[in-house]
Amino acid sequence: MADQKSNEPHIAPFGGPAGGWGSVRSLAEILPRERISPEALRELARQNKPDGFACVSCAWAKPADHHPAEFCEEGAKATAWELTTLRTTPAFFAEHTLTELRGWRDYDLEQHGRLTHPLRYDPATDQYVACSWGEAFTEIGARLRPLDPKSVVFYSSGRTSLEASYMYALMARMYGNQNLPDSSNMCHESTSVGLKAAIGVPVGTTQLKDFELCDAIFFFGQNVGSNAPRMLHDLRTCRKRGVEIVTFNPLKERGLERFTDPQNPLEMATLKETAISTQYHQVRAGGDIAAMMGIAKFLVEWNDAAVANGETPVLDLDFIKAHTSGFGAFVHAVRAAAWDDIERESGLARSELEASARIYAKAKAVLAIYGMGLTQHVKGVENVRMLVNLLLLRGNIGKPGAGPTPVRGHSNVQGQRTVGITEKTELVPVDRIEEQYGFTAPREKGLDTVETCRGVIDGSVKAFIGLGGNFLRAVPETAAMEEAWPRLDLSVQIATKLNRNHLFPGKVSYLLPCLGRIEEDVQASGPQAVSVEDSTSCIHGSRGKAPPASKHLLSEPAIVAGIAKAILPKNPRLDWDAWVADYAVIRDAIEQTYPEVFKDFNARLFTPGGFWKGNKAAERIWLTPSKKAEFLVPSGLSATGFADAGGRYRLMTLRSNDQFNTTIYGYHDRFRGVKGTRDVLFMHAADIADAGLREGQIVALESDAGDGKRRRREGLIVMPYDIPRGCLGAYYPECNVLMPVEHHAEQSHVPAAKSVPVRIAV
């Protein structure tokens with residue numbers, strides 16, 4: 001049984017930098033805990049290298065000119081987590097019911113080790129029992145074939161390869177639906193919607209080389225030290241050559257403050273640090289539109305004065321005239337915005353916004369890097385559009401060293417969309433796949449994550465197939481979702497380790513273990529490689545060489561093919577077995593479907609640094625209805641979607657540097673000084689006093705969504721923290737229980753986890 005006893009909670013400030021000896025000590029702790037073999041440990045040397053394997057953690061770019069160790073603390077933890085020698089066998093499930101296991105922590109479930117056998121849920125004993133792959137595929141087919149295809153959901157995690165994702169999306173459409181929610185629905189769908197509307201492409205326009213060419217970086221709502229630490233090398237290099245880095249983030253995140261390079265012997269020996277941000281502005285949660293409006297207001301006013309005095313304009317008026325639409329309406333809104341409103345909504349002083357505007361006005365090439373601090377709000381799409389507005393004012397899209405740079409989470413979440421994992425018909429070359437495979441594809445929009453949650457709760461979703469991930473833990477409305485899940489006719493989970501979603505079976509449930517990306521995948525034609533796409537739209541090959549955790553595992557493509565053959569009629573134009581035998585055949589099929597992106601796919605698979613799929617907006621070709629980049633007038637200055645009120649707080653759900661998404665590697669959030677617990681409520685000291693609370697007091701949070709439903713999270717320890725007044729911080733996914741399904745971004749349906757209305761209960 002996994003150890004379920006945590007250390008006594010210990011909360012104390014952390015004074016060190018990101019990276020440095022703290023990272024080394026963290027790795028020295030996790031590697032022996034996972035009982036990594038010396039052979040497996042050597043796999044770290046291949047991580048993110050040409051002809052190596054792509055990290056299973058974040059999607060940050062993989063350089064051609066790599067470091068000796070091209071992995072970060074988080075990436076090494078992810079590798080150790082996958083290559084652990086700990087195992088969860090059928091004997092484990094013979095000893096534990098699912099009801100009992102629901103009392104385990106997320107950490108303990110996954111820490112028990114890799115799944116080794118295909119499993120079927122036995123309702124008579126409330127346990128998983130071993131089954132054969134043939135039995136699993138046969139019954140899955142028997143259960144799915146009679147169902148209305150519109151009632152079945154095919155979810156996929158962002159770790160899934162391009163090859164498996166392409167097969168999965170094709171299978172769903174041949175089955176009869178586009179119910180293909182994925183990790184992007186929970187994080188960067190606001191990017192996909194916002195950038196597509198503004199500049200005609202749903203992804204960022206920059207590449208790694210742009211870090212060498214920029215002279216300013218503006219950061220919004222992204223915790224690089226915990227979520228994409230390898231980027232710290234690029235930021236450190238930028239700072240060394242004098243690039244200004246201006247950060248807007250509610251919390252002081254250590255990776256955006258200072259960094260010691262663990263691969264630099266001199267820095268490690270002397271404890272030398274590189275200061276990352278030259279300005280750090282603690283914007284209120286949901287206050288980014290107001291902050292960017294303030295910067296824009298300074299730029300417009302300075303431009304007015306420059307033009308009146310016959311001086312060089314501050315704005316790039318030639319670019320604006322040639323390449324944009326909607327400028328006049330936007331400038332009118334900027335001039336009309338009141339400074340009192342901007343300061344109140346942003347939580348920043350006018351002088352702070354002026355200081356950042358001066359850096360922006362002086363810079364010739366600006367990168368705008370952002371994360372879920374922009375996208376996970378009710379006005380998340382407007383946040384993204386406002387960022388584009390700011391870039392357009394000085395022509396900072398489509399030139400070297402400049403452009404929007406969204407930082408994706410999971411290692412292939414962007415790539416999945418490229419090969420068809422989407423509920424939206426307009427993002428898929430439907431006519432081409434119909435011709436390629438000889439079937440009639442669905443044209444109506446499928447279910448996204450929010451709509452899937454609605455369907456599970458109201459019973460319209462009858463079956464759920466999960467290709468990786470921990471859907472039930474990652475989504476909002478946790479209690480209602482867990483209550484509704486057992487009503488599903490069928491639940492199939494494809495996974496490497498046990499997680500909480502697996503403990504809520506449907507009427508028929510299968511838990512199917514797959515190979516990890518780092519493990520050797522041998523098929524009929526020999527060892528196989530897969531591919532992923534990083535945050536900068538570069539495609540990389542990935543080849544696993546570690547011994548598989550069990551001889552009973554199948555690869556993700558093999559499992560998808562097994563289900564496809566069980567639910568679909570034979571198709572003379574598609575040989576699933578041939579695809580499994582040789583993944584190069586899948587890549588040829590991908591190239592046929594997407595020739596503009598994947599030309600010579602197999603030949604370019606292991607290009608050092610990846611091959612770029614191209615980006616029309618980077619060429620200043622705007623694939624919008626107006627054929628120009630579009631300014632947007634925001635509907636207001638707050639992105640929260642709710643009004644401030646007495647006793648109502650804005651809750652931000654946070655990740656620690658000891659986790660990746662729902663995977664908890666341990667209970668030490670080093671950067672925030674929290675050890676032994678995740679039951680913490682971060683509050684401003686003045687808010688603690690005003691609420692009549694005290695440090696260390698145990699409180700609860702209650703939803704204040706105004707919908708009459710009771711949502712409550714008990715047992716949180718009050719901790720004074722450097723956080724804006726009126727804002728709270730608590731850990732994800734534990735606090736998802738407080739977030740209603742309907743509290744999501746307009747247009748994109750991303751759960752609005754960065755500004756949840758709550759009240760404190762004692």
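## Helix H19

Buried means under 20% relative accessible area, exposed means over 50%, and partly exposed lies in between (1.4 Å probe, protein chains only). Helices (H or I, at least four residues) and strands (E, at least two) are DSSP runs, numbered from the N terminus.

This is a predicted model: local features need pLDDT of at least 70, side-chain atom pairs count only at pLDDT 80 or more, and totals for chains, interfaces and linings use all residues. Residues are numbered from 1 along each chain as its sequence is written, and side-chain values use heavy atoms, with hydrogens and water left out.

H19 covers residues 380–393. At 1.5 Å a residue, its 14 residues should span 20 Å, and the end C-alpha atoms are 20 Å apart, which agrees. The expected span is 1.5 Å times one less than the number of residues. Just after H19, glycine 395 takes a positive phi of about 65°.

Strand E8 spans residues 216–220. Five of its five residues are buried, so E8 is largely enclosed by the rest of the structure. Both faces are covered. Ala216, Phe218 and Phe220 are buried on one side, Ile217 and Phe219 on the other.

E8 pairs with strand E9 (residues 244–248) in the parallel sense, over five bridges. Two strands pair if DSSP finds at least two bridges between them. Isoleucine 217 has isoleucine 245 of E9 as its bridge partner. Strand E14 (residues 366–370) also runs parallel to E8, joined by five bridges. Here phenylalanine 218 stands opposite alanine 368.

## An open sheet

Strands E21, E22 and E23 form an open sheet in the order E21-E22-E23, with antiparallel pairing. Strands E21 (530–533) and E23 (611–612) are the edges: each pairs on one side only. E22 (residues 538–542) is joined to E23 by two bridges, and the two run antiparallel. Cysteine 538 stands opposite tryptophan 612 in E23.

## Pocket and cavities

The largest pocket holds about 830 Å³ of space. Of its 23 lining residues, the closest to its centre are Pro202, Thr418, Leu427, Val597 and Lys613. Helices H9 (189–199) and H20 (413–418) each supply at least two lining residues. H20 gives the most, with three. The lining divides into nine nonpolar, six polar and eight charged residues. Ala, Val, Leu, Ile, Met, Phe, Trp, Tyr, Cys and Pro count as nonpolar, Asp, Glu, Lys and Arg as charged, and the others, Gly among them, as polar.

The structure also holds five cavities of 30 Å³ or more.

On a 1 Å grid over the protein atoms alone, a cavity is a set of points where a 1.4 Å probe fits but cannot get out; a pocket is an open set with protein on both sides within 12 Å along at least five of seven lines; lining residues have an atom within 4 Å of a point. Grid points are joined across faces, edges and corners, and a volume is the space filled by probe spheres set on the points.

## Threonine 89

Threonine 89 sits in the loop between strand E3 (87–88) and helix H4 (90–95). Its relative accessible area is 28%, so threonine 89 is partly exposed. The C-alpha atoms of threonine 89 and leucine 235 are separated by 44 Å. Along the chain these two residues are 146 residues apart.
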